[in-house]
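The report below describes how two chains are folded and how they meet. Please read it with the sequence and the structure side by side.

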Amino acid sequence: MANEAVLRLEGRSNRRPRQRIGEVVIITIVLAYAGVLLIGPLAAIVWGALSSGIGEFVAQLTSPNAIAALQLTLFLAFAATAINTVFGVCVAWVLVRDDFPGKRFVNGLVDLPFAASPVIAGYMLILLFGRNGWLTPVADLLGVKIVFAIPGMLLATLFVSMPFVVREVMPLLAHVGTTQEMAAYTMGAGPWQTFWRVTLPSIRWGLFYGISLTFARAIGEFGAVLVVSGGVTGYTETATLFIFRALDDRNPAGAYAMALTLGLTSFVVLLVMEYFKKRSSPMPS
Amino acid sequence: MTGAVASTAPLPPRVELLRPWGRWGLRATAITYLLLVIVAPLSAVLADGFGTGLAAFLRDVTSPVALSALKLTIFVAVVTTVINAVMGTLTAYALVRYDFPGRAVLNGIVDLPFAIPTLVTGVMLVVLYGPQRLVGQWLQSQGIEVIFATPGIVLAMLFVTYPFVVRTVQPVLLGAEVRQEEAAFSLGASKWTAFRRILLPTLAPALISGCLLSFARALGEFGSVVIVAGNIPNVTLTAPVHIYGQIESQNQQGASAMSTVLLALSFVLMLIIDTMQARRTVDRG
């Protein structure tokens with residue numbers, strides 16, 4: 001931030017009037033573009049959801065199907081975030097502190113969910129656990145139904161939200177190094193104690209940022225969950241699937257109410273994210 | 001968010017913080033988790049895509065509907081990426097170099113597309129630009145169709161991919177020296193020449209990774225496109241929506257073939273991004 005301030009000060013000295021015009025033009029273009037692209041649609045959904053009155057908005061959200069959908073979304077998001085936090089830190093630790101043949105390949109795998117279409121993510125699970133799937137016998141043996149049921153939707157959510165914690169924690173873990181951990185060891189701390197007292201505190205803001213990104217992705221996931229859910233209203237219907245079905249059923253009021261709710265939730269998560277990001281960013285450039 | 005990580009940061013000096021079993025245990029946990037969540041599903045799709053032989057694969061991929069879906073997707077993703085390259089760089093430039101009212105808000109709002117569920121993006125765009133809607137009606141009277149047409153798909157992809165170029169270019173711009181540009185001015189270079197000859201070469205690697213990331217993201221986009229596009233085969237049907245259609249109509253072969261093509265494209269893109277980042281970190285170090 002200090003660096004930035006200096007840059008701007010330097011830019012201001014010996015500025016000619018023509019540059020001033022260029023500056024105004026660029027700022028106007030950027031603000032207009034962001035306004036049309038981002039703010040316009042946001043304003044539209046607020047208007048769309050509230051145009052038929054607050055009463056209608058609340059009625060749509062408190063219908064049994066809407067409540068069930070919101071509950072399922074929250075459940076999936078919390079479960080996926082918890083699992084990906086634990087394993088994400090583990091993966092990040094291994095990728096930063098450990099060394100083994102094929103590490104670069106494993107590192108590349110972590111980014112795959114960013115690049116693969118969510119529809120494909122869901123479809124993969126159908127191939128694995130659907131009829132004649134490779135792992136169907138295993139699932140049958142354990143007596144769990146995966147595809148067209150909640151476990152499959154959880155797996156889909158896990159897949160798409162996997163990389164965030166790993167990618168946010170890795171640079172911090174690399175940056176803090178091992179000196180302090182070594183010191184803790186010399187003073188007789190065990191591995192767990194060192195992790196909780198030394199490592200975790202130094203990566204916590206990055207970890208929180210990763211967690212908030214994971215959570216935001218998990219509550220909003222649509223394509224992957226759509227494919228594996230089978231769409232059983234009131235049972236395997238998440239908030240996004242509720243919107244999709246409401247649009248299909250020509251119930252725009254319900255769709256807009258739920259869309260605004262999800263949008264607002266994401267907005268709150270975004271504010272939290274920005275806070276964590278600011279805390280985690282003081283890294284050397 | 002995604003790209004700029006210290007994945008290839010030099011390993012800390014080799015220290016034995018953990019007893020061998022601890023190290024092996026963590027390594028095994030991390031790799032098993034990745035195998036379960038990413039590798040198993042991925043190999044199921046690839047095996048199924050090629051499982052029925054190359055001839056069947058080619059027939060599925062080159063069917064007129066599939067081919068036109070693929071062409072449309074690539075075309076729209078290219079258009080999106082080009083617009084992002086220009087507007088993303090301009091946004092990053094304004095955010096770093098200029099001070100203006102709303103700068104902090106803009107800086108926060110850039111991340112909004114990462115937080116908002118893509119399906120909600122689609123709903124927002126329909127409310128704003130749909131026929132008989134706020135702006136849509138006016139545009140229609142001017143003879144411009146947005147929703148259920150290609151411009152709508154571009155808008156959806158632009159919304160979803162907006163942060164990528166901004167967030168990859170911004171840190172590099174923040175670190176770039178203003179002095180070199182000022183030297184260029186004092187030697188009589190215009191603002192544009194200074195940008196093109198001095199700043200652009202510095203930004204190029206980050207700009208290209210940002211573009212590739214947004215291209216990869218646009219290729220796989222589903223949630224917003226499925227709502228906005230209308231999904232008319234041969235006209236506005238994109239590749240991910242085509243896969244969804246094939247799954248719904250129980251055509252496993254067609255779904256697997258198209259998934260394989262999209263995954264192959266993502267792999268190549270990720271490989272390029274990874275190589276570029278590895279080179280950049282080496283240059284910096």
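A residue is called buried if 20 or more other C-beta atoms lie within 10 Å of its own, exposed if 12 or fewer do, and partly exposed in between, with C-beta atoms placed from the backbone. A nonpolar core is a set of buried Ala, Val, Leu, Ile, Met, Phe, Trp, Tyr and Cys residues joined through C-beta atoms within 7 Å. This is a predicted model, in which local features need pLDDT of at least 70 and side-chain atom pairs count only at pLDDT 80 or more, while totals for chains, interfaces and linings use all residues. Residues are numbered from 1 along each chain as its sequence is written, and chains are lettered from A and ligands numbered from 1 in the order in which they are written.

**Core and interface**

The largest nonpolar core has 173 residues, and those with the most contacts inside it are Val91(A), Tyr123(A), Ala259(A) and Val123(B). Helix H4 of chain A (residues 64–97) gives the most to this core, with 16 residues; helices (H or I, at least four residues) and strands (E, at least two) are DSSP runs, numbered from the N terminus. Two residues are in contact if their C-beta atoms, placed from the backbone, lie within 7 Å. Apart from its neighbours within four places in sequence, Ala259(A) is in contact with Ile45(A), Ala49(A) and Ile243(A), and also with Val120(B) and Val123(B).

Between the chains, 83 residues of chain B are in contact with 86 residues of chain A. On the side of chain B that touches chain A, the largest share, 18 residues, comes from helix H1 (residues 20–51) of chain B. By class, that side of chain B has 61 nonpolar, 14 polar and eight charged residues, where Ala, Val, Leu, Ile, Met, Phe, Trp, Tyr, Cys and Pro count as nonpolar, Asp, Glu, Lys and Arg as charged, and the others, Gly among them, as polar.

In chain A, five residues from domain 1 and seven residues from domain 2 make the contact between the two domains. In chain B, six residues of domain 1 are in contact with nine residues of domain 2, and the touching side of domain 1 of chain B has three nonpolar, two polar and one charged residues.

**Chain B in detail**

Chain B has 13 helices and zero strands, and its C-alpha atoms fill a box of roughly 70 × 65 × 30 Å along the principal axes. Buried residues make up 48% of the 285 residues in chain B. Of the contacts in chain B with a separation of 6 or more, 77% are between residues 24 or more positions apart.

Helix H10 of chain B (residues 191–220) spans only 38 Å between its end C-alpha atoms, whereas a straight helix of 30 residues would span 44 Å at 1.5 Å a residue, the expected span being 1.5 Å times one less than the number of residues. H10(B) bends by about 55° at Leu200(B), and the proline Pro201(B) follows within four residues; the bend at a residue is the angle between axes fitted to the seven residues ending there and the seven starting there.

Another proline, Pro233(B), lies in the loop between helix H11 (223–228) and helix H12 (239–248) of chain B. Pro233(B) counts as partly exposed because 14 other C-beta atoms lie within 10 Å.
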